[in-house]
Each structure stands twice: as structure tokens, then as C-alpha cells.
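I opened my notebook to record a first look at this entry.

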Amino acid sequence: MVTARELYEERLNRIKTAVALGKPDRVPVVPMGDSFYLKYLRVKLADSCTNPKLFNEAILKAVTSLGEVDGIQHPSFSVYLLSVLWISELKIPGRDLPEDDLWQVDEKELMTVEDYDTIINQGYKKFLDDYYMHRLDNLNAKFQQFVESLPDAIKATQDMGIVPFSPGITTIPYEVFCGGRSMSEFLKDLFRIPDKVQAAMDVAIEDIVESARQFCRAIKPIATWVGGWRSASEFLSPRLWQRFVFPYYKKLVQAVVDEGVIAVLHFDSNWTRDLEYLRELPKGKCVFSPDGTTDIFKAKEILGDHLCIMGDVPAALLSLGTPDEVHNYCRRLIENIGPSGFILAQGCDIPPNAKPENVKAMIESVKG
Amino acid sequence: MVSGFLGSGKTTFIRHLAGYLVVQKEQRVVIIENEAGEVGIDDRFLAREGFQVREIYGGCICCQLTGELTLAVNQIAERFNPDWLIIEATGIARPSTILNTLRKYGKGIDNIFTLVIADTGRWEELSEIMPELIFAQIAEADLVIAGKIDEASESALQSLMAKAKEINPRAEVLPASLIKGIEEPVLRRLLQHAYA
């Protein structure tokens, strides 16, 4: 009889071998499906999305009934995490939306052009503390509940023999400012006041790096997300991407890796154009995790000997396809992107309307 | 399917088009709002005017939208069987991302016609900042509307029209103000394209 501890070590070793670009005994599978798990269990989104303890219980109950996973990306979740990432208001089920509707980032111009000056002159932390308190209804207090719940969520996951792979999320100033200003206004800023935006970014990244270090030291995660959404290559010219995006990822990823933590580049939308740049990130210490939009086969070609690749079963395939289609897609990934340096997962997040039989087919596919 | 970057005037355009189809052509019309990254007020605006509107949202970005959108299309085909289904595509997606899924899994679709609203007022800025997305939206469209010409210089309009012709020679480019309404000849021309 294998104990949960032994199972955990076996699965962790499988994942770590893949990250280090080695060939594990089989390709590991590490899914994430925050809203899907709740829908699957028929738990109302309103009941769990602001309660990380309930969320952790639901995730563990759902994944263990869907198959044998090696790890999960998030052992817990709170919608306030999204508010922190994009300094935006939220529409929350049960409060602003029907009880079972998916939460939404309510993107609008909450951060002003003057805030760049505040960041430059008074510091990012002071700006953020004030912003959380007065523009996001004391977000710090709400988010603290999630942070405090993480150690228990991580332990509960480990106790079941499952690896709580990447419990934290951090991102670069571009994403934060883009969310706070709204994408449309932020792009105007890049065009009209680029030097000021860059000066504010240069101040903000120092505090973001320090927060990421503190998180890694306090929680000691195996990995953490370094996320990218609106900073994808397809949304920005090469010149601007090289100025406002990549240098900040490079700095943040290095800080995470220096703490002995794997950096998971959770990169949504299309990054194909700039894959070559990712070779500048530490070899064998990061995971490139595209969402089904970036050409994952091109990524293998360019990054295969440098970064582990995780993904990328598309959300639409999980919602609309058949188990056979999902199985065939997964096997294609396992055989062509793997078997070395590859972790099987959904692209981005398993969508709430995914068919459970498709998710089961994805998890099962690593066995052959 | 109506695409175009955030704030280009898609909802205003859809309001005029849907009104024309319902009132002048006595067609049954359903609208899907499929947005990420804009204040969610536009759909309420359309619904208040009496249009049948279905909203589709993704959690944070487009990756989850296409599956939800296709399921909505299939439900609408089954329940309402409309003559026209107008989809307002999210401003930060390439039309092909949505079209590929719709063509593979969509039901009850006779024909898909794609038009893009290019923001003439912000043409210079957007083509400098995000050329790939803006040009892809034009390249993948059957018809290009050069919108907001009242907010743009003549040179911006000429630049847009020249670039549109260069990257998508098969698509006609129709200038329009949108905010002042759309003249009936333009709407008729649009329908000719859609039925072609």
C-alpha cells in the first residue's frame, strides 16, 4: 500500500524531472479548473468564490473524483486575487451577478494618469495601499483571508498525495497598469506619455519583485505563476513589447528563480512572435504555459531544449469536443511536445462549461 | 460577426444594423455581446431598445469565450431560429479565433459574414501600438467599415483605406461616422455583401 507521502514524492519527482527538461516515467498531468470544479460539484459559485477554505475543499473533492492527477496548479482560489492582479473592481456572483454566473473583472478606468506621478514621486507601495483602501474597498483585508488560508490549503493537498504546484501569482507592472487604466486608455498612455509610464513601471517593478520574494520565503511554494495576459506579443508592436514587457518579466522571473522557486509563465493569447526571447530566461527553471493560442509546436521547436512546456488543451475543445477528440489531442501533445520537458494541462483554465468526460479523458490520456 | 478594437463603435453600429433589419426588412434578429475589457454597459443599452441580447463573458480574457459563444449560438439556433444572429466579437480577438470554433462546432449556420469596424480616429495610434491585431482584424474581414470619420483627419482616413486595401484587397472599405447613423445605401451595400 503506497502512502500519501510516497505518492506525493513520486508525483513531485515526476513534475520536477519534467521541469528540469528530463524524461519522467510518464508525462505528468497538472490541471487547473477553478470555476469548473465548482460547477462539476454543483456548488454555487457565490458560496465559494470569496471563501478560500471552501474552494480548497471543492478543488480536492473534484480532482480526486475526475482521475489521478500528479498536481494541481492552484490549491485554492479567491476572486480577490483577480482584483489584486489587475487593480480592478469585480463583479461577484451572488453580489453583482446571479449566484452561479462566472465572476468578472469589471475593467474600467479606475487608475488615473496622475497616478503615474504618485507612483514616481511617492512610491508604488504607498500608491497601492491607498488605492486598495479607497478605490477597491479595502481590498487588502479581503485578500489577506486568501493569503492566510494558503498554508492549510497546501497541506491539505499534500496530505492527499497531490502536488500543490503553483499556489501564487505575480505579474509585471504592464498588466497591473493595463487593468487599472483599462486597456483602451492604457494604450493611449503608451502612445502619448511613454516615458512617464516607463518611469512608473521602473518604480513598481522593484516593489513587485520584493513582494514576490517575500511570498516565496513565507509560503515556500514549488512554483509560482508569473502571468501574462494583456502583455501578449499579439497586442503590442515588437518595439513596445521589448521596452515595456520583456525586461520586466526577465527581472521578475529571475527573482523567483533565485528563491529556488519554479517560474510558471502562464501566458494567455498569442506569444509566438517573441518565443525566442524566452530563451534568455533561466534554463530548466521555468515552465512555459500557453493557453492554446500560441503555437505550442513552434514553442517546442524554439524552447524545447531550454524551458519545460505545459499545456495546452484548448478550452473550446473541453467544452465542445468529445472524449476521443480530447484524448487524441492530448496524445499528440504527449508524443510531440513530450515525453521530456512536458507537463500536460489545459490551456489557461478548464472552462466552467467543460464536459466532465472530456476533463477525465485529458487526465487519463497520460497513461497511454 | 462584427469585430474591431475596444471603443471602435461596434455597439453603435450593431444598434443601427439591427434596427434596420428589424424595422425595414422585418427580419428576426438576435445579438450576442461577446466582450472582454469594456465596461459592460453597451449590452444593457441594446436590450433597453428592445433587441434580443445574449451576453457572453470570459473570466479574464478570450480563451474561454469561444466555447461559450459557440454553445450560445447553438442554443439560439435551436430556440429562436433567427434570420440574423449578430455577434459583437471581443475587441481583443482575431476573428479567426472565433470563426474556427464556430465553423467546427456551430449548428444552424448558413453563412458567416465578418465585418470589422476600424477606428479612423485612433488609426495612427493603434497601428503604431498594436499593428498585428489591428491588421489581422482587417485581413480576416469580408467588409471594412472605416468608422468615426467625424473624429479623424482626411489623411488618417486615406491612410486607413490604403492600408486596408493593401492587406485585404478583396474587402470593400466603407467610410462612416456611425454616431450620426448609417445611411441606408451603406446598409444596403452591407447586406449585398452578406448575401453574396
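My entries follow, one topic at a time.

**Ground rules.** I am reading a predicted model, where local features need pLDDT of at least 70, side-chain atom pairs count only at pLDDT 80 or more, and totals for chains, interfaces and linings use all residues. Residues are numbered from 1 along each chain as its sequence is written, while chains are lettered from A and ligands numbered from 1 in the order in which they are written.

**Helix numbering.** I take helices (H or I, at least four residues) and strands (E, at least two) as DSSP runs, numbered from the N terminus.

**Two helices in chain A.** I looked up helix 6 (residues 114-122) and helix 11 (residues 194-219) of chain A. Their axes come within 9 Å and cross at roughly 45 degrees. The axes are lines fitted to C-alpha atoms, for helices over the stretch in contact, and angles run from 0 to 180 degrees between N-to-C directions. From helix 6 of chain A, Y116(A), I119(A) and I120(A) make the contact. Helix 11 of chain A answers with K196(A), V197(A), A199(A), A200(A), V203(A) and A204(A). Contact here means C-beta atoms, placed from the backbone, within 7 Å.

**Where chain B meets chain A.** I found 25 residues of chain B and 34 residues of chain A in the contact. Helix 3 (65-79) of chain B gives the most to the chain B side, with 5 residues.

**Helix 4 of chain B.** Which residues of helix 4 of chain B are buried? I noted P95(B), T97(B), I98(B), T101(B) and L102(B). Buried means 20 or more other C-beta atoms within 10 Å of the residue's own, exposed means 12 or fewer, and partly exposed is in between, with C-beta atoms placed from the backbone. Seen down the axis of helix 4 of chain B, the buried residues fall within an arc of 165 degrees, so they line one face of the helix. The arc is that of the directions from the helix axis to the C-beta atoms. On the other side, R103(B) and K104(B) are exposed. The buried residues pack against helix 15 (315-320) of chain A, and also against strand 1 (2-3), helix 3 and helix 6 of chain B.

N138(A) sits in the loop between helix 7 (124-134) and helix 8 (139-159) of chain A. N138(A) is exposed, with 11 other C-beta atoms within 10 Å. I also noted a cis peptide bond between G338(A) and P339(A), with omega about 0 degrees.

How values were computed:
Contact = placed C-beta atoms within 7 Å.
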